Amino acid sequence: MQTFTPREVVSELDRFIVGQDKAKRAVAVALRNRWRRIQVKGPMHDEITPKNILLIGPTGVGKTEIARRLAKLAGAPFVKVEASKFTEVGYVGRDVESMIRDLVRVAVSMVHKEEEERVGAKAEEMAEERILDILLPRSVVDSMGDTREKLRQMLRDGFLDEKEIEVEFSARPQGPSVDVFALNPMQGMEEMGSQIQDMLGSILPKKRQARKKMKVAEALKALRVEEAARLVDPEKVTEEALKRAENEGIIFIDEIDKIASRGGESRGPDVSREGVQRDILPIVEGSTVTTKYGVIKTDHILFIASGAFHIAKPSDLIPELQGRFPIRVELTALGRDDFVRILTEPQNALTRQYVELLETEGVKLLFTEDGVLELADMAVMVNERTENIGARRLHTVMERVLEEISFTAPDKDAGSILMVDSAYVREKLADVASDADVSRFIL
């Protein structure tokens, strides 16, 4: 786990997300508390549980991006799920435990990749030796004693990349074996199908792959992957992944307001919504979930839930679930000034993305200050006329404005300069700006 202070976390989030300081501080403290818990020794270590967070705010204000950037910053397994996709136990659909199984899969993939990078140099060396064995078998006596080393240098310098050779790959089973008796009839059909497939794959005999002709460059890359997989211990990967998912995992539950009972009544669809809430409750409270990689406890997984709560209110969630999200942060709607900052300040700002994209065509794209202001004004106007989708509206406006530039860029002379100012923006959005019905369907 990365050891960032809360101030450092907020500073890093500021590089990508505009505003929402309260939400940034809340997640920064939650992340630091996870590190603090790891430092605690003795019985109190297991007693300290994460304080889950409920982010409340309209769509497009940065709720998902805050959670995603936090997980990336921490180097933690992260899964985003939508509460509305789950169904109550007994119905066809995704069961709530699938979010934990998804988290474990992400953790296994993350640890496996780290292990492959750790043994990368050794795998490269072993792949190189296998290529050399094909080009110059060890059984051939080298009277000069240095031919193999000369060949090795030629291989490293790329002189042999186009040479075609015949390679035989092993058919070594990947990943941990699956327990035939571990199938849980109460889990979703999706997970059962995946486990049955893995089970059959581990039981049925593997066919040895036939020899394959390929160029040396391609063979070296393929053999490097195979040797790395051979050097990685799947049991060690699984053990570390389960530990990491349990202690560092972050699950972001979006649209939690969609499963809230409205108006306090429990009739019709509200019964199903409440059923999903009661299924989620033990996962958030702390329970044991069986996955194909092993058993995992959810006690110390950090849950971040979010919702617009336009119709329902946080108090419409069942009381037990409300109590499991003690930290509540309300995110503010974005206005014109926020849009201007989003277009210019973040490291991954939209304007910078388009500049980099068109630079690949040899075209220099310049956004003037008044052009950026006009883009922000248009986004605000369309949000007010139609439905307010926050900063996501900037994507549709930018695509509309730059559609012609993106299409004709390959035909431009190298070094061409294209200016996006307020006049250009108004010209491209003239029909949209004058007709509310057109803007409703186009933007």
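Student: Which residues of helix 4 are buried?

Tutor: The model is predicted, and in it Lys63, Thr64, Ile66, Ala67, Arg69, Leu70, Ala71, Leu73 and Ala74 of helix 4 are buried. Buried means under 20% relative accessible area.

Student: What makes helix 4 largely enclosed by the rest of the structure?

Tutor: The count does: 9 of its 12 residues are buried, so helix 4 is called largely enclosed.

Student: What do the buried residues of helix 4 pack against?

Tutor: They pack against helix 1 (6-14), helix 2 (21-39), strand 1 (53-56), strand 2, strand 5 and strand 8.

Student: How do you know that the length of helix 4 agrees with its number of residues?

Tutor: Helix 4 has 12 residues (63-74), and at 1.5 Å a residue they should span 16 Å. The end C-alpha atoms are 17 Å apart, which agrees. After the helix comes Gly75, with a positive phi near 65°.

Student: What makes strand 5 largely enclosed?

Tutor: In strand 5 (residues 250-254), 5 of the 5 residues are buried, so the rest of the structure largely encloses it.

Student: Which way do the residues of strand 5 point?

Tutor: In a regular strand the side chains alternate between the two faces of the sheet. Ile250, Phe252 and Asp254 point one way from strand 5, while Ile251 and Ile253 point the other way.

Student: How do you know that strand 2 and strand 5 pair?

Tutor: Pairing requires at least two bridges. Strand 2 (residues 78-82) and strand 5 have 5 bridges in the parallel sense, so by that cut-off they pair. Strand 5 is also joined to strand 8 (residues 302-307) by 4 bridges, again parallel. Phe252 has the bridge partner Lys80, and in strand 8 its bridge partner is Ile304.

Student: How much space lies in the largest pocket, and which residues are closest to its centre?

Tutor: The largest pocket holds about 820 Å³ of space. Of its 36 lining residues, Gly60, Val61, Gly62, Ala391 and Arg392 are the closest to the centre.

Student: Which helix gives the most to that lining?

Tutor: Helix 4 does, with 4 residues.

Notes: Residues are numbered from 1 along each chain as its sequence is written. This is a predicted model: local features need pLDDT of at least 70, side-chain atom pairs count only at pLDDT 80 or more; totals for chains, interfaces and linings use all residues. Side-chain values use heavy atoms; hydrogens and water are left out. Buried means under 20% relative accessible area, exposed over 50%, partly exposed in between (1.4 Å probe, protein chains only). Helices (H or I, at least four residues) and strands (E, at least two) are DSSP runs, numbered from the N terminus. The expected span of a helix is 1.5 Å times one less than its number of residues. Contact means heavy atoms within 4.5 Å. On a 1 Å grid over the protein atoms alone, a cavity is a set of points where a 1.4 Å probe fits but cannot get out, and a pocket is an open set with protein on both sides within 12 Å along at least five of seven lines; lining residues have an atom within 4 Å of a point. Grid points are joined across faces, edges and corners, and a volume is the space filled by probe spheres set on the points.
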